[in-house]
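Thanks for coming. I will go through one structure, part by part, and you can follow along on the screen.

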Amino acid sequence: MTRITSVLRAGAAAIALALLVPATPAHASKCEAGTVFNPITKVRWNCIFPITIGGVRVGSFDKLDKALDAQSASKPLCACRKGATFWFGVKVSFWSPNRMVDVVTEPGCMMALGVDLLPTGGKLQGSQSSISDGTNTTKLFAQAHYYISPVWKMLDMFTDLPCIEDEGFDVAMITEVLPTWQSGTLGAIIQPEGILFGNPAAGLACMADSAAAAAGKTIDPLFWCMGSWGSTYPIAGDIHMGDRVEAWAGLAARTTFMMGRLGLLTIHSEDGCSLKAQPIWTKSRYKLQIMEPVKGGKCVNIGRPGALWTSGKHAPGKDNAQFMLFEKAICCAGVSTP
């Protein structure tokens, strides 16, 4: 948590610069108090499936983790070592609700807390605008908040499993303090690799990712693509919008990608023995569930076309959204040797 705190402090020092960005015509939604996070009622618990224990799968098949489950089935036993500690057991994998992301048009609206913590005096407001490129498309701008929210730990469940996080609830990132989120041009200065993916060839490659996303899968090597949701670059709050709910999901996914570029994202190793840093995300390890303004009935893979899941998810007059991010957890559950 020390690294996260240092990033937030650095961002707070830059907020004065961010507030100088001219305000655009805003379509901000009121920050409501009824959005306080309740892990029992807001989480779609069927998203934790399938669970694989020692190669035996429980629950419906999920295309996202097909390769990982196949590996667990072929190698159900595991052995790990950390320092002087050695343990062996069976490999366990499941989808764990560990993170949350708010996408808000009202700056400072912390939906998980039900309060507005950062009055900005009309600056940094969310907006919706037309793009004058002859395509008749629109662009959405919104702020995002990334939370550490290990639900199993919060509910004090399955705490004996080594892959359950031991951290408590915390706010890991708020984009209002990041000048780079307010401007794609500023973002390109500190993330110059984004220029490599702003060309037609890179865009055409994303067509394959969109097709895979429609089938419930992802193509991990195309890390700059988010299927039908657009591109991860530029890492800023602007995103092309055809479907507002789909645009919300795109910004939530982009926020997750940004956490990796900041060095604050980890995933479970395939042997189930440790966590490893993930500067470039592995899209197949994540899926999203919308919690606000309307609770989703299922989780979706990164980039899934909005036509397949967004119907009825945008309540009238509510333009702030909240997502639960499920991560693929893999661990070696066993006993330590003396």
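**A walk through the model**

Start at leucine 117, which sits in the loop between strand S6 (115–116) and strand S7 (127–130). Helices (H or I, at least four residues) and strands (E, at least two) are DSSP runs, numbered from the N terminus. This is a predicted model, in which local features need pLDDT of at least 70 and side-chain atom pairs count only at pLDDT 80 or more, while totals for chains, interfaces and linings use all residues. Residues are numbered from 1 along each chain as its sequence is written, and side-chain values use heavy atoms, with hydrogens and water left out.

Is leucine 117 buried or exposed? Leucine 117 counts as exposed because its relative accessibility is 54%. The cut-offs are these: buried means under 20% relative accessible area, exposed over 50%, and partly exposed in between, with a 1.4 Å probe and protein chains only. Leu117 also belongs to a nonpolar surface patch of about 390 Å², together with Leu113, Val115, Met154 and Phe169. Patches are made of residues with over 30% relative accessible area and no salt bridge; like charges are joined within 9 Å, and nonpolar side chains (Val, Leu, Ile, Met, Phe, Trp, Tyr) within 5 Å. The areas come from the Shrake-Rupley method with a 1.4 Å probe, and for residues only the protein chains shown count as cover.

Next, serine 93, in strand S4 (residues 85–104). With 2% relative accessibility, serine 93 counts as buried. Which residues does serine 93 contact, leaving aside neighbours within four places in sequence? They are Pro50, Ile51, Thr52, Asp69, Ser72, Lys328, Ala329 and Ile330. Contact here means heavy atoms within 4.5 Å.

Now helix H8, residues 244–261. Its 18 residues should span 26 Å at 1.5 Å a residue, and the end C-alpha atoms are 26 Å apart, so the two agree. The expected span is 1.5 Å times one less than the number of residues. Of the 18 residues of H8, 17 are buried, so the helix is largely enclosed by the rest of the structure. After H8 comes glycine 263, with a positive phi near 80 degrees.

On to the loop between helix H7 (200–214) and strand S11 (238–241), where serine 231 is placed. A polar atom of the serine 231 side chain lies 3.1 Å from the backbone oxygen of tryptophan 224. For polar contacts, the rule is a pair of N or O atoms within 3.5 Å; within protein, one must be able to donate a hydrogen and the other to accept it, and residues adjacent in sequence count only if both atoms are side-chain atoms. Not counting residues up to four places away in sequence, serine 231 touches Trp224, Met226 and Arg254.

Phenylalanine 223 is in the loop between H7 and S11, and it counts as buried at 17% relative accessibility. Leaving aside neighbours within four places, its contacts include Phe197, Tyr233 and Trp281. Proline 234 is also found between H7 and S11, and a cis peptide bond, with omega about -5 degrees, joins tyrosine 233 to proline 234.

Another cis peptide bond joins glutamate 292 and proline 293, with omega about 5 degrees. The C-alpha atoms of proline 293 and proline 316 are separated by 9.3 Å, and the two residues are 23 residues apart along the chain. Proline 316 counts as exposed, at 78% relative accessibility.

Last, salt bridges. How many does the structure hold? There are six. A salt bridge is a side-chain nitrogen of Lys or Arg within 4 Å of a carboxyl oxygen of Asp or Glu.

One of them pairs lysine 318 with glutamate 32, with the closest N and O atoms 2.7 Å apart. Lysine 318 is in the loop between S15 and S16 and glutamate 32 in the loop between helix H1 (2–18) and helix H2 (39–42), so this pair ties together parts 286 residues apart in sequence.

Aspartate 62 and lysine 287 form another, at 3.0 Å between the closest N and O atoms. That pair links distant parts of the chain, 225 residues apart. Aspartate 62 is buried, with a relative accessible area of 14%, and lysine 287 is buried at 4%.
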